[in-house]
Structure formats: structure tokens, C-alpha cells
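Please work through the exercises below with the sequence and the model open, and try each task before reading its solution.

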Amino acid sequence: MNLIERLSHLDRRVIFLLVAFAVVIPMLQPIGLPIDITKPVKKVYDKIESLAPGSIVLLSTDFDPGSEAELYPATEAIIEHCFRKNLKIYVMGLWPAGSDLGNLALNKIAPRYNKNYGTDYINVGYRPGGAVMLLSLGKNFGDIIKVDYQGTPIDLLELGRAVKSSKNLGLVMTLSAGDPGILHWIIYFHARYGVPICGATTAIMAPQQYTYLGSGQLVGLLGGLKGAAEYEVLVNRKGRASIGMDSQSIVHVLLVIFILLGNIILLHQKGKR
Amino acid sequence: MIFQTIGIWIAALLTLAIYSFLYKDNPFYKIAEYIFVGVSAGYWAVVLWFDFAWPNLFAPLIKQQNFFYLLPIIIGLMMFAPLIPKISWLVRIPLTFTMGVAMALQITQITQGDIFPQLQATFLPFKGVNVYTSITNLIIVIGVITTLIYFYFSKEHKGPLGLAAKIGIWFMMVSFGASFGYTVMARISLFIGRVYFLLHEWLRAI
Amino acid sequence: MKRTLPLIIVAGSGFFMLVAFFIPSKFFQDTSQTFQNWYIGVAAFFVFIGILNLVKINIEKIQRKLRDWRYCYILLFFLAFTMATGFIQGREGKAFLYMFYNFQTPLGATMFSLLAFFMASATFRAFRAKTPEATILLIAALLVMLGRIPVGYWIWHNYPDLVEWIMTGPNTAAKRGILFGIDLGLISMALRVLLGIERSYMGGGGE
Amino acid sequence: MLLTIFFVLSGIVVKAFDTPNDDGSSITITWHSDSTYKSYEILRGLNPNVQFDKICEANGKDTIFFDADVTPNKNYYYIIKGKNDSLINLSQIIGPIKSKTQFFNMFYLNLGICIAVLFFAIIFYIMRARSGGKLFIRRIPALNALEEAIGRATEMGKAVLYVPGIMDIDDPQTIASMSILARVAEKTASYGTTLYVPTSRSMAMSMAQQIVKESATKVGRPDWYNPDNIRYVTDDQFGYVSAVDGIMVRDRPAANLYLGTFYAESLILAETGHSTGAIQIAGTAMSDQLPFFVAACDFTLLGEELYAASAYLSQEPIQLGSLKGQDLGKLLFVMVILIGVISQLINWPVFYNLFNTCQP
């Protein structure tokens with residue numbers, strides 16, 4: 001049995017081990033590959049930079065633990081950027097677990113910038129109803145949001161009183177892992193009410209968003225962990241995403257080798273026949 | 001503090017239990033899997049009740065005696081009708097109501113939010129832009145049209161139509177390739193996130 | 001009654017909402033708003049139904065001693081326990097959030113990360129350039145995979161721009177073409193539902 | 001006296017009108033001025049000779065204000081006051097202005113026409129298909145492959161595996177898959193080849209059993225039908241996949257057909273199937289999963305082709321008619337894009353603006 005034949009019968013557990021090593025080793029021994037900045041990410045950054053201090057950013061945490069790895073680093077980076085620019089953050093979630101993951105980031109970052117709950121940021125929790133809810137929300141926030149996630153009536157909070165309709169928002173930033181998510185913000189909220197939308201999505205969803213970037217319906221985009229890493233570079237913070245980039249690079253190279261090897265095996269088998 | 005440490009240990013052990021599946025299916029994996037389904041369903045119920053159902057439906061009804069809110073609650077409760085075979089057909093009322101509203105909004109919003117802006121975004125200029133942009137624009141226009149032609153089923157794909165459809169497939173394959181690459185990226189990132197947790201929060205190695 | 005009433009409701013609520021979109025008068029706007037608010041209220045019950053079904057399926061599994069039935073006790077226990085922490089201490093109670101951050105978050109995140117390994121194994125064993133189309137796909141995939149990570153930038157500084165061009169050019173074109181097709185499909189589906197031609201979503205519940 | 005002089009000096013020109021396309025709940029006020037001001041005050045009164053009240057303060061860059069606090073069909077008068085550090089200037093009194101309820105939102109006229117055309121096309125073709133009109137659908141190449149694959153399985157004396165996706169029968173893709181299953185069952189029954197259909201939903205199982213049984217009877221082989229080959233496995237996504245993988249590895253079917261709705265399991269199925277050396281044909285409208293099917297299967301029905309294949313095989317009027325209506329829509333879109341591109345070439349922005357949707 002020659003090498004190629006042996007390779008073609010490789011146990012998948014060997015592949016699993018190789019992948020695990022390719023992730024763990026660069027984390028323990030970082031290489032520090034340079035991270036380039038792509039246009040869609042820069043646009044998100046520029047958009048937030050351009051907002052006047054005191055503007056309100058609606059941060060919609062539309063993900064759950066399943067994609068926490070990709071979207072949570074972006075959540076932290078965006079929140080940090082907003083607080084640094086003295087923007088106010090209004091958190092809600094189209095997915096049940098989203099707002100708690102948002103809280104995790106808020107509680108970590110707000111104290112560093114002396115930001116207070118109620119005046120500088122609030123969290124109104126999970127909002128079911130997806131697309132239909134967004135249509136109602138744009139017209140009148142009061143119809144949909146009566147209390148925050150702790151059950152405090154929204155009118156007792158300064159920031160809650162400040163947001164009555166879509167006109168009060170400077171930007172919607174959605175952290176989206178699927179349905180309902182960024183697509184609904186664009187089609188149901190932006191189309192009807194015209195508020196600019198930026199997004200961070202899982203890498204799986206990113207290619208589709210380029211159609212909306214092209215049409216201007218989406219201002220900017222952080223695609224997957226790489227997008228978050230780029231954002232971390234822009235806001236100058238060493239976070240989880242940039243730490244993971246070395247591993248990401250090594251595994252990609254490994255998988256490219258796998259695909260090439262696999263196809264060499266195919267050619268070899270064809271040649272034999 | 002001690003609770004926090006225990007929490008990290010629980011999380012780490014559950015993580016390893018799931019990964020044990022990669023070696024082979026085993027009881028640890030099964031236990032972790034069933035815990036996952038149980039905890040997340042419980043979590044959903046609690047969040048939905050406190051964030052939505054109580055403040056938006058039941059509180060106005062009970063506290064403010066606003067009986068207008070009875071209607072959505074009754075329609076919603078009909079969702080449970082299949083539990084009683086005799087009135088099980090009642091489930092169709094909430095189903096058809098939500099379908100009616102959602103489908104109508106889908107029609108208008110897809111036209112307003114997708115079709116019109118996307119058509120407009122394809123009216124791309126070739127004059128007054130640099131060569132690079134005008135070539136890209138031409139490629140986009142050709143790509144959109146040929147992809148649409150590929151999905152045109154009313155004519156046999158022969159001659160010029162067949163060629164256009166063929167070009168459409170190539171465009172689609174490039175875009176599928178891009179999706180493929182991005183999906184690979186996404187899956188790997190998920191694993192990186194877990195390794196970061198294990199190394200950083202549990203073992204404190206980085 | 002069992003068939004016509006639902007059909008009247010779907011057509012009535014649907015066409016009303018459709019017309020209300022175009023008519024600015026207060027009556028139409030307010031009523032359509034009320035419908036939307038009801039929709040959101042009703043939609044919330046879907047989740048409760050899901051949980052009820054989960055309980056039902058697992059109890060049945062235990063009763064009939066189907067495969068892996070013993071694990072169902074674990075599921076039911078954790079479901080009840082999580083709900084208890086939430087409903088006794090409240091949504092912001094320490095115990096409830098503890099369950100979320102230390103059980104649900106790591107489990108959810110890890111469960112989906114298993115796919116990284118399946119993906120790796122599939123790249124080696126199944127993704128082959130068997131046809132010209134698959135060849136184009138794989139070449140584009142390799143270009144994107146290398147160009148979207150720091151290594152790409154390290155190989156050639158303009159490499160990320162090339163990938164960005166693939167994304168904004170050919171990728172956008174094809175995705176947009178596909179999108180138009182999907183949109184037309186959705187509109188046609190919606191119309192069939194409103195007209196009552198398409199009824200499969202009603203599923204069971206007797207004639 | 002003083003007022004008039006100020007008016008002449010200030011040069012603030014004001015226009016006020018009923019906001020178009022609304023329910024009569026607002027009046028639009030626009031203004032422009034030759035000199036610059038730090039801020040503007042908008043004053044409103046019910047009578048030109050009585051007191052005016054301040055209703056809003058706008059900053060110096062603003063030129064438009066929507067007064068949303070009005071009663072329809074009531075007369076209002078407005079004055080704009082321009083303010084600088086030392087200077088205060090007033091505009092002329094504008095009025096009377098009434099707000100009215102409009103019947104139709106003209107901003108949405110373009111959307112209305114588009115929706116009406118699409119509706120008409122779809123309904124027209126469904127009616128035509130129902131009244132027995134012949135509607136042509138092109139042949140789908142992957143369907144030829146389907147027959148070849150079944151033929152090969154027969155020659156090898158092996159089974160055919162049919163996976164109808166992991167969603168229930170209320171999913172349109174599952175419904176489409178069932179029409180294709182009917183044809184596959186006819187072929188396998190007439191050749192006497194074994195057909196496995198594992199399902200992830202119990203309703204999908206009973207529907208599949210019924211369809212396969214009918215197909216077997218139709219080709220005169222009711223004896224071939226074996227309900228045990230069409231089994232419900234489990235609702236659980238990964239549980240279902242490992243069971244199907246088990247069938248592939250143990251029974252080694254010569255043809256694997258994956259048609260319906262698939263999520264992350266697509267790649268696991270395709271990988272295992274590939275490793276057993278079976279011919280694989282896939283089809284789904286889940287665009288995120290298509291790349292893996294294309295890369296790992298021999299033939300793939302891309303997106304809408306799944307529906308087209310189903311309409312082609314079943315010749316059912318609703319499916320055929322909708323497909324035709326959608327085809328007309330695609331043709332219109334292609335034409336619109338071409339005209340749009342030409343309109344850009346000849347600098348004719350009118351056409352482009354026809355597709356504006358956002359309210360001003």
C-alpha cells in the first residue's frame with residue numbers, strides 16, 4: 001500500500017487531532033501575524049466615529065451561546081468604542097439569550113468608562129415577534145417596550161424616555177446569528193424607517209450581506225471572528241478575536257492542504273483506472 | 001468567588017464531555033446533550049415570561065384591568081388546543097391569523113426592502129467612473145442577469161440562453177465558493193472560542 | 001366551520017394588512033398596528049408550545065422505555081430546575097443567571113463547535129473537483145479561505161483586496177440573482193397562503 | 001411697524017403645506033434664508049392677529065419641520081423666528097394651512113404596481129394550469145441523473161437511500177421532495193430495487209409511506225412495498241444524521257438522494273455517503289448548505305430547481321402555475337435591469353428614481 005492509498009484511508013480522528021493542535025499551539029505560542037483591515041469593517045468604525053456624542057445606538061444582540069464565539073468579541077469591541085465616543089447604548093435582543101450576553105459585556109466595560117445604567121445604557125431584554133415586531137417598533141417604541149429586562153418601567157429610565165421612535169436613533173447595530181436578525185433589520189426596519197444599519201454577523205451569513213452593502217442598505221459589516229479582530233485593531237484593544245487569529249490562520253492553511261491532498265488522491269485514483 | 005470557580009469547572013467539564021463525542025459516542029456526551037436541551041428550554045420559558053408575556057400581555061390585563069388584552073391571550077391559548085382532540089382544530093385560528101399577518105407584511109416588505117433597492121442597486125453606471133469600477137459594474141450586471149436566466153424554467157436552455165445559463169452557473173459557483181470559505185471560517189472560530197475559554201478562564205494558561 | 005373559518009381569517013387579516021399598507025388613514029393604520037401587536041402576543045405562545053412538546057415527548061419516551069430513555073430524566077430535571085430558579089428568584093436572580101452562564105453558554109457554544117471537526121474531515125475526504133462547476137467552487141473557496149485570514153495579507157498585501165473584489169463583484173451578483181428568485185418565490189407563496197390555495201401549513205387538527 | 005422692517009431685513013422665506021400621503025396628522029413647514037442663524041423658533045397660532053406660541057426650536061442648519069401635533073381640517077398660521085447672538089428676525093405670517101387625510105399613499109404607488117403585476121401573473125398562470133392549459137417547463141439535468149443512479153443501483157443489486165430533509169411536511173421544500181419521491185418510488189418499484197426512506201418527523205413518515213405505496217401500486221408492484229423501509233428515526237438533528245450514517249455504512253446503498261431542507265447535517269451526510277462510494281444527488285433551497293452538496297455530491301439541484309423539478313414531475317397546476325408566474329417576474333426583472341443600465345448610460349435619472357422607496 002503506497003502513501004496515497006494509506007492517506008485515503010486515514011482515520012478521521014487523526015484529522016480531528018491535527019485540527020485541535022493547529023488551534024491550541026498558536027494560542028500558547030502566538031506568532032503575531034498582522035491583521036489587515038477590510039472596507040466593510042472600516043465603514044462600521046467610521047460610522048460610529050461620525051456620530052455626535054450623546055447619540056443613541058441601538059445594539060441588537062440577536063445571537064445565542066451557539067455563536068457566542070464569533071459575535072461576543074464584536075459585542076465587546078463595539079460597546080467599548082461607543083462608550084469611548086460617549087454614545088448611549090440601547091440594548092435589545094431578537095433572540096432570548098442575546099440580552100444576557102449583552103449584559104455580560106456591558107457589566108464588564110461600563111465601569112471602566114464610568115457609565116451608568118439608565119442614563120448611558122439600558123437593556124430592554126428579549127423581544128419576540130421578529131419582523132412584525134420591528135415594524136411596530138419603528139413607529140412607536142412604547143407599543144413594544146414597556147419595561148426593561150429587570151422589569152423596571154421604561155419611563156423611569158432616562159434613556160428609556162429618550163427613545164420614543166426610530167427618529168431618536170442614530171444607528172442600529174445588530175449582532176446577528178441568523179433568523180430573525182440582520183435581514184429583518186434591513187428589510188423591515190431600515191426600508192420603512194430609514195435608520196442606518198450596521199451589522200456584525202457570523203461568517204456564514206457574511207457573503208449574503210454583500211448584496212446589501214452594495215445597495216447601501218447596510219452601512220458596514222463585521223464578518224465573523226475576523227471582522228471582530230479587525231475591529232479590535234481599529235479600536236486598539238487586544239481581545240479574544242485578535243488572539244484567535246493566529247489559530248484561525250493555521251487551521252485554514254491546514255484545511256487548504258487537506259482539500260489539495262484530497263484532490264490529489266482523486267487524480268491518482270482516476271489515473272489508475 | 002467559590003461559586004464562580006465551581007461554575008468555570010462545570011463549564012469546562014461539560015465542554016470536555018461534548019468533545020468526547022469526537023472519539024466516539026458515549027454516556028458523558030449524552031448527559032451533556034440532555035442537560036443542554038433541558039437548561040435551554042427552561043431558560044427560554046423564563047425569559048419569555050419575564051421579558052415579554054408578563055409585561056406586555058398579562059400585566060395590563062390583571063393590573064390595569066385592560067380587557068382588550070384578553071383577545072391576543074385567548075388566540076394564543078388556542079395554540080394548546082391539540083392537547084384536547086375534540087377542539088384540536090381551534091389551533092388553526094392562531095395559525096391562520098399569524099400566517100395572514102406575516103404573509104401580508106412579507107409581501108410589502110420584500111418589495112419595499114429587497115426587490116426595489118436591489119433592482120436600483122443593479123442600475124450601475126459605466127460612464128463617469130474609473131475603468132476598474134466600470135468593469136466590476138459590468139460583471140455585476142452580467143452576473144445578476146445570467147443567474148436569473150439560469151432560474152428561468154419556461155424555455156429549454158439552448159443556444160444563447162444556454163450560454164447565459166452556463167455563465168450564470170459559474171457566477172453561482174464563485175459565490176458558493178465564497179460561502180464555503182466563510183463557513184469554514186465560522187466553524188473554526190467556534191472551536192477557537194472554546195479553546196480560548198479552556199486555556200484562559202479554566203487553566204489560566206494564556 | 002373547521003376549514004372555512006381559518007381560511008376566512010387568513011384571507012381577512014392578510015388582505016387587510018396588505019391594503020392598510022397603502023392607506024394612510026387613521027383607522028387602517030391603527031387597526032393594522034393592533035393586528036401586529038396581537039401577532040407578537042400570539043407568537044410568544046409558540047415558544048411555550050415548544051416547551052410543552054419537549055416535555056410530552058420525553059415523558060412518552062420514558063413511559064415506553066425507548067432508546068436512551070434514562071437520559072430523559074436528566075433533561076426533565078434540568079428543565080424543571082432552571083425554570084424553578086427563574087420563577088422563584090426572578091429573571092435576574094443569581095441562580096438563574098448562573099445556570100445560563102455556566103451551563104447553557106458553554107454547552108451551546110461547544111455543541112456547535114463540533115462542526116469544526118466534521119468540516120475538517122469533510123474537506124479531506126469528500127470535497128473533490130469532480131465536475132467543472134465543483135472545480136470553480138473549490139478554487140474560489142481556497143482563494144477566500146486564504147485571503148480572509150492574516151496569512152493572506154502576509155503572503156501578499158493586495159491579496160485581501162482581491163478577495164474583497166470577489167465578494168463585492170461576482171459574489172454579490174450571484175447572490176443578488178438568487179435573492180430575486182427567492183423573493184419571487186416568497187411572494188408567490190404568500191399570495192397562495194392568503195388565497196387559501198396553499199394550506200399545508202395548517203397541518204393536522206382534523207378535517 | 002418694527003415687525004415689517006424686520007421682515008424685510010430677515011429674508012426668511014417660509015412655505016407650509018399639508019404633509020402629503022399621511023393620515024392628516026401633520027403639516028410640513030420648510031424655510032430658507034439668505035443670512036445664517038444659530039437657531040430657529042417655530043411659532044404657531046390659530047388666528048393671524050392673536051398670540052403665536054412656540055412649538056419647536058430648530059438648529060441653524062435645519063430647513064424643515066413636521067408639525068405632528070395638529071387636528072385635521074383646522075386652520076393654522078406659522079411664523080419662523082431666526083435667532084443669532086444679538087439679532088432676532090421674524091418671517092412673514094404663513095397661513096391658513098389645513099391638514100387633510102389622504103386616501104392613498106402615493107409614495108408607495110410604485111410598490112403597489114409591482115405587487116399587483118406579480119399577483120396577476122401568478123394567479124393568471126395558476127388558473128391556466130387548472131383549466132388544463134399546457135405549461136412548458138424545461139427539463140432539469142439532475143433528473144436524468146436520478147434515473148441513471150437508480151439504474152446503476154439496480155445493476156449492482158444494491159438499495160437506494162432517499163433522505164427527504166429534516167423538516168416537517170409544512171415546509172415547502174419537504175412537499176417538493178415528496179413529489180420527487182413519488183417518481184423515485186415508481187422507478188425503484190418497477191425495477192424491484194430496495195428503497196430506504198428514513199425521516200426525521202413522524203408526519204413526514206406517514207406521508208412518505210402513503211406516497212411510496214401509491215407509486216408501487218401505480219406501476220403494478222404493490223407486493224414490492226415494504227413499510228419497514230420507510231421509518232421515523234428521531235426529531236433530534238444529530239441523532240437523525242447518525243442513524244442515516246448508520247444505514248449508509250451498513251447497507252451501502254448505491255445511490256444516496258438528499259432532497260429537501262437541510263442544515264448543518266448536509267456536510268456530515270455528504271461526507272459519509274462519499275466515503276461509501278455511492279452516487280450522490282442532492283437538492284435544497286437552503287443556500288448556505290448548497291456549497292457542501294455541490295462539492296461532495298455528483299449532481300445538485302440548486303435552490304429553486306428543487307421546486308421546478310417537483311412541478312415538472314408532478315404536473316400539479318398550483319406548482320406549475322406559480323413557477324410560471326415567478327418566471328414572468330424574473331423576465332420582468334431582467335428587462336427592468338437592462339432599461340435601468342441604459343438609463344444610466346444616457347443620463348436619464350427618471351427611471352432610477354421610479355424605484356425610490358424610502359419616505360422623505
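The model is predicted, so local features need pLDDT of at least 70 and side-chain atom pairs count only at pLDDT 80 or more, while totals for chains, interfaces and linings use all residues. Residues are numbered from 1 along each chain as its sequence is written, and chains are lettered from A and ligands numbered from 1 in the order in which they are written.

**Exercise 1.** Describe the make-up of chain B and explain why chain B counts as more spread out than a compact globule.

Solution. Begin with the elements, which are DSSP runs numbered from the N terminus (helices are H or I with at least four residues, strands are E with at least two). Chain B has six helices and zero strands, in the order α-α-α-α-α-α from the N terminus. Next, the radius of gyration, taken over C-alpha atoms, is 27 Å for chain B, well over the 17 Å that the globule rule gives for 206 residues, and therefore the chain is more spread out than a compact globule; that rule is 2.2 Å times the number of residues to the power 0.38. Finally, the C-alpha trace of chain B spans about 65 × 60 × 40 Å along its principal axes.

**Exercise 2.** Characterise the sides of chain C that touch chain A and chain B.

Solution. Count residues in contact first, meaning that their C-beta atoms, placed from the backbone, lie within 7 Å. Towards chain A, 47 residues of chain C meet 45 residues of chain A; H4(C) gives the most to this side of chain C, with 16 residues. The residues on this side comprise 27 nonpolar, 12 polar and eight charged, where Ala, Val, Leu, Ile, Met, Phe, Trp, Tyr, Cys and Pro count as nonpolar, Asp, Glu, Lys and Arg as charged, and the others, Gly among them, as polar. Towards chain B, 93 residues of chain C are in contact with 94 residues of chain B, and this side of chain C has 67 nonpolar, 18 polar and eight charged residues.

**Exercise 3.** Is Pro20(D) buried, partly exposed or exposed, and what does Pro20(D) contact beyond its neighbours within four places in sequence?

Solution. Locate Pro20(D) in the loop between strand E1 (12–18) and strand E2 (27–33) of chain D. Pro20(D) has 13 C-beta neighbours inside 10 Å and so counts as partly exposed (buried needs 20 or more other C-beta atoms within 10 Å, exposed 12 or fewer, partly exposed in between, with C-beta atoms placed from the backbone). Leaving aside neighbours within four places in sequence, Pro20(D) is in contact with Gln102(D) and Met106(D), and the C-alpha atoms of Pro20(D) and Asn105(D), 85 residues apart along the chain, are separated by 8.1 Å.

Note on methods
Two residues are in contact if their C-beta atoms, placed from the backbone, lie within 7 Å.
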